[in-house]
Amino acid sequence: MMGAAHGLLLLKAVPPWNRRKFDLYVLNPMDPRTRKRIPLLPEMQDLSRSQPLGMAWNEETESHRILIQSESSNRRMWSFHSYDIRSSKWEQIARWPRDRLRFFQHPSMCGGRFLCLGSMGPIMEHDMFRAYRQDNSSTNWLQEPTWVGDDDEPSLPYPLHFATLFHLDEDIMVAGGRVKWEMVKHRRCKVLQDFCVWKLQTLKYSQDSEDMTLENEWIEVRRMPIFILEKLNRDNSQKQFLCAANKNYVCVANSWRDVALFDMMNHSWTMLPSHSPFESESYCSADPIFEGDLCDLHFVEPRFDISL
């Protein structure tokens with residue numbers, strides 16, 4: 001699964017007889033028989049040179065848009081193409097130099113333009129995330145102010161080890177968390193240290209009778225409470241943490257498939273019913289055996305009014 005938006009899922013299928021090729025499909029999980037295969041351009045068909053980044057809902061045109069990152073023919077640039085599911089057309093929407101290493105992820109759309117989250121480091125390093133969006137010509141990415149602050153600005157979200165980008169009405173939102181290693185019962189374990197939701201906001205204030213404006217400041221919306229952190233850190237045996245969001249909810253999951261849900265409307269945190277196969281307390285003394293790591297986490301709402 002590569003993405004989810006407005007009731008649809010984006011799936012990537014890699015045939016076992018050719019691991020360098022892949023197919024893309026969209027489907028409505030309420031009626032999975034009506035899946036649609038996405039026609040890929042020639043430069044997108046090599047898995048080693050192309051990567052689907054996700055899918056977003058364009059409120060301006062009321063259509064789903066798929067975003068793919070692929071290597072240009074001269075191998076000096078990354079090209080970003082968008083596919084409109086309603087019109088069945090591809091268009092190039094951005095470029096990025098390959099020597100400026102970024103890991104792009106979690107595309108969203110606001111005002112008819114793409115937003116994308118980019119990190120500057122691998123997982124579990126001190127990742128420095130930035131939010132990117134298309135420029136006025138819609139042919140490149142513009143980066144927002146860096147999230148890396150001075151030592152006297154601990155409220156800035158750095159470092160983050162996992163994050164997601166989304167929007168709420170006109171507001172650009174980011175949610176992310178920090179993970180640390182701890183020794184628990186002679187074992188080195190991953191522990192979720194904190195998790196927070198931020199909003200990109202323009203701040204205005206007065207100082208010495210003069211109006212001053214601070215633009216594009218990340219403002220904390222709500223931090224995960226301690227009792228939710230403790231539930232996600234249960235047994236101190238997690239292998240990874242992931243998060244996903246849509247415009248109304250943010251969810252955070254651990255390796256045991258425990259999921260915490262944040263309601264953006266009333267700013268409340270709750271735990272969803274557990275569906276982990278391992279519920280025995282006696283199991284905690286042994287090294288956990290997982291059905292498989294979570295590769296990614298996506299948030300899709302059921303919709304019966306979306307057809308393919």
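1. Cys-251 first: at 5% relative accessibility it counts as buried, where buried means under 20% relative accessible area, exposed over 50% and partly exposed in between, with a 1.4 Å probe and protein chains only. Cys-243 counts as buried too, at 4% relative accessibility.

2. A quick word on what we're looking at. This is a predicted model, so local features need pLDDT of at least 70 and side-chain atom pairs count only at pLDDT 80 or more, while totals for chains, interfaces and linings use all residues. Residues are numbered from 1 along each chain as its sequence is written, and side-chain values use heavy atoms, with hydrogens and water left out.

3. How many disulfides are there? The count comes to zero, taking a disulfide as a pair of cysteine sulfur atoms within 2.5 Å. For Cys-243, the closest cysteine sulfur is in Cys-251, 7.9 Å away, and that is too far for a bond. Cys-251 is likewise in no disulfide, its nearest cysteine sulfur being that of Cys-243.

4. Now the sheet. Four strands form an open sheet in the order β17-β18-β19-β20, with antiparallel pairing. The edges are β17 (241-245) and β20 (268-271), each pairing on one side only. On average, neighbouring strands here are turned by 20° against each other, direction ignored. Strands are DSSP runs (E, at least two residues), numbered from the N terminus, and two of them pair if DSSP finds at least two bridges between them. The angles are taken between axes fitted to C-alpha atoms, from 0 to 180 degrees between N-to-C directions.

5. Inside that order, β18 (residues 249-254) and β19 (residues 259-263) pair in the antiparallel sense over five bridges. Ala-253 stands opposite Val-259 in β19.
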